[in-house]
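Please report on this model. Cover helix packing, aromatic pairs, backbone geometry and the surroundings of selected residues.

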Amino acid sequence: MTPAFTPEQAILELGPRFYAEVEPASFPDAILRWRNQRWAERVGLGGLSGEEWTGHFARFEPLSGSLPRPLALAYHGHQFQSYNPQIGDGRGFLYAQLRDGDGRLLDLGTKGSGQTPWSRGGDGRLTLKGGVREVLAAQMLEAQGVYTSKPFSMIETGEELFRHDEPSPARSCVLVRLSHSHVRFGTFQRLAYLGEHDAIADLVAYCIRHFYPQAEGADLAASASNLFREIAAATARLAASWMAAGFVHGVLNTDNMVVTGESFDYGPWRFLPHSDPAFTAAYFDHTGLYAFGRQPAAAAWNLSQLGGALAPVTEEAALQETLNGYAAIYRDAFRRRTMSALGLACSSDEGADLDFMQTLYGWMTASEAPWAQVFFDWFGGAISEARALRSPLADLYRDTAFADVRAGLAAREPERPERLEHAYFREARPASLVIEEVEAAWAPIAESDDWSGFHRLTERIEQARQALA
């Protein structure tokens, strides 16, 4: 550990009714498959040796000065809009807390670390394929500027798992992610369900103290209302960033949304092959509740449930006012995220930008042009026209149906056009994570423990992150 490591124990302020102390699973093996050295260095853990790394992130030996014992966190939640009071951390726990160089409180949380009081008969494990998919999703989202948890460590554990949705026996792993918060919407819902209004007050104070100090009010009612307004704005920005990235989370339950507006917990996710509002990621989402085009509304519905949990300690009129303002915040955020994804500056005319976006996305849906390729080809707008006309999609761009999109691109100024000098933009195709590419990276791992495809994919994603800056 370096002097940059700043351990924390902030969660202990809340007391044991918010969590349960648990023991990590004992694994037969510990093979390091992924180490996020860039983020490890940022939080002062980059100097850990290989043995120390596996000691902390496979055996979960405490980090000095941080939490002495792992804590499985308690929460409820709506799952596909049906309330479930039986959930909580069922295969993960909060392992450690620390602060980064900006003073932000960060959590190191696990997935696949063993059984807890909320495992409900499950084995508390994670398949290796599930870990690989989570690393890839989070890395790609970070590259695109989405506020996401960071995959910190992935260690293969040598166990055989049996799953109905994967070929079995499946290989196992334990994943550690670096997150800004694990306080979920469902954390508040559980307290409201139990009638523990004093605990809601404690949790409001905790969130303000560590995440939103600007939300401090004259009394509890004002603080809770202010906090809800901050969470709603962060959630609107998150939904907008998913939409501009062409990302489908797949399981937008209230226990999968945190108060800091950070994207996390990637299960049946997908990146769009092409624009399709009805595209779903989860095979079990039979009604399309969490389809791509319904994600902003799903996030708003989840906010309404959080507002209901806060209602016992604040004014309902203030909560409703915040919910009424969600659409405007989302609309502005979506405009900014779309322009950012295109490498363009927002114009002074919001309406003109929104009209252009409607034209762009309408053309993308009608043409079924590959989502990632379009944004890659036209990054920077008109200054990339020559590059776009060498693209695999050049014929689509020459078609008259594209004329209005071309005109809209030409009417906008590039933002930081020097980014186009990066070698990434000299390639014919962008970094992409459509399902076929994910499966192509996984297949040689499953067949012959060949990780070369996975490493090529992560290296390409890192190149994109550096280029997009």
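Helices (H or I, at least four residues) and strands (E, at least two) are DSSP runs, numbered from the N terminus. The model is predicted: local features need pLDDT of at least 70, side-chain atom pairs count only at pLDDT 80 or more, and totals for chains, interfaces and linings use all residues. Residues are numbered from 1 along each chain as its sequence is written, and side-chain values use heavy atoms, with hydrogens and water left out.

**Buried residues and their contacts**

Two terms come first. Buried means under 20% relative accessible area, exposed means over 50%, and partly exposed is in between (1.4 Å probe, protein chains only). Contact means heavy atoms within 4.5 Å.

Thr-314 sits in the loop that joins α7 (295-310) to α8 (316-324). Its relative accessibility is 10%, so Thr-314 counts as buried. Residues up to four places away in sequence aside, Thr-314 touches Ala-221, Ala-224, Ser-225 and Leu-319.

Val-22 belongs to the loop between β2 (19-21) and β3 (31-35). Val-22 counts as buried, at 5% relative accessibility. With neighbours within four places in sequence left aside, Val-22 contacts Arg-69, Pro-70, Ala-72, Phe-93, Thr-116 and Pro-117. Val-22 and Trp-451 are 429 residues apart along the chain, and 33 Å separates their C-alpha atoms.

Asp-285 is in the loop between β13 and α7. Its relative accessible area is 6%, so Asp-285 is buried. From Asp-285 to Gln-463 the C-alpha to C-alpha distance is 34 Å, and the two are 178 residues apart in sequence.

His-56 is part of helix α2. His-56 is buried, with 10% relative accessible area. Not counting residues up to four places away in sequence, His-56 touches Met-1, Leu-48, Glu-61, Pro-62, Leu-63 and Tyr-95.

**Aromatic pairs**

A pair of aromatic rings is described by the distance of the centres and the angle of the planes. Rings of Phe, Tyr and Trp (its six-membered ring) pair if their centres lie within 6.5 Å; planes under 30 degrees apart count as stacked, over 60 as edge-to-face and the rest as tilted. The rule gives 33 aromatic pairs. Two of these pairs are tabulated here.

| Pair | Centre distance | Plane angle | Class |
|---|---|---|---|
| Phe-57 and Tyr-95 | 5.9 Å | 75° | edge-to-face |
| Tyr-283 and Phe-284 | 5.0 Å | 80° | edge-to-face |

Phe-57 lies in helix α2 (residues 50-57) and Tyr-95 in strand β7 (residues 94-99), so their pair ties together parts 38 residues apart in sequence. Phe-57 and Tyr-95 are both buried. In the other pair, Tyr-283 counts as exposed, at 51% relative accessibility. Phe-284 is partly exposed, with a relative accessible area of 35%.

One aromatic cluster is formed by Phe-292, Tyr-326, Tyr-330, Phe-334, Tyr-361, Trp-371 and Phe-375.

**Packing of α3 and α15**

Two packed helices are described by the angle between their axes and the distance between the axes. Axes are lines fitted to C-alpha atoms, for helices over the stretch in contact, and angles run from 0 to 180 degrees between N-to-C directions. Helix α3 (residues 128-143) and helix α15 (residues 435-448) have axes that come within 11 Å and cross at roughly 135°. α3 and α15 are therefore oblique to each other. Angles under 35 degrees count as roughly parallel, over 145 as roughly antiparallel, 65 to 115 as roughly perpendicular and the rest as oblique.

From α3, the contact uses Leu-128, Lys-129, Val-132, Arg-133 and Leu-136; from α15, it uses Ile-435, Val-438, Glu-439, Trp-442 and Ile-445. By class, this contact of α3 with α15 has 7 nonpolar, no polar and 3 charged residues. Ala, Val, Leu, Ile, Met, Phe, Trp, Tyr, Cys and Pro count as nonpolar, Asp, Glu, Lys and Arg as charged, and the others, Gly among them, as polar.

**Backbone geometry**

Ser-168 to Pro-169 is a cis peptide bond, with omega near 5°. Pro-169 is in the loop between β10 (150-161) and β11 (170-179).

Asp-265 is not a glycine, but its phi is positive, near 65°. Asp-265 lies in the loop between β12 (247-248) and β13 (270-271).

Glu-368, also not a glycine, has a positive phi of about 60°. The loop between α10 (350-367) and α11 (371-377) holds Glu-368. Its relative accessible area is 48%, so Glu-368 is partly exposed.
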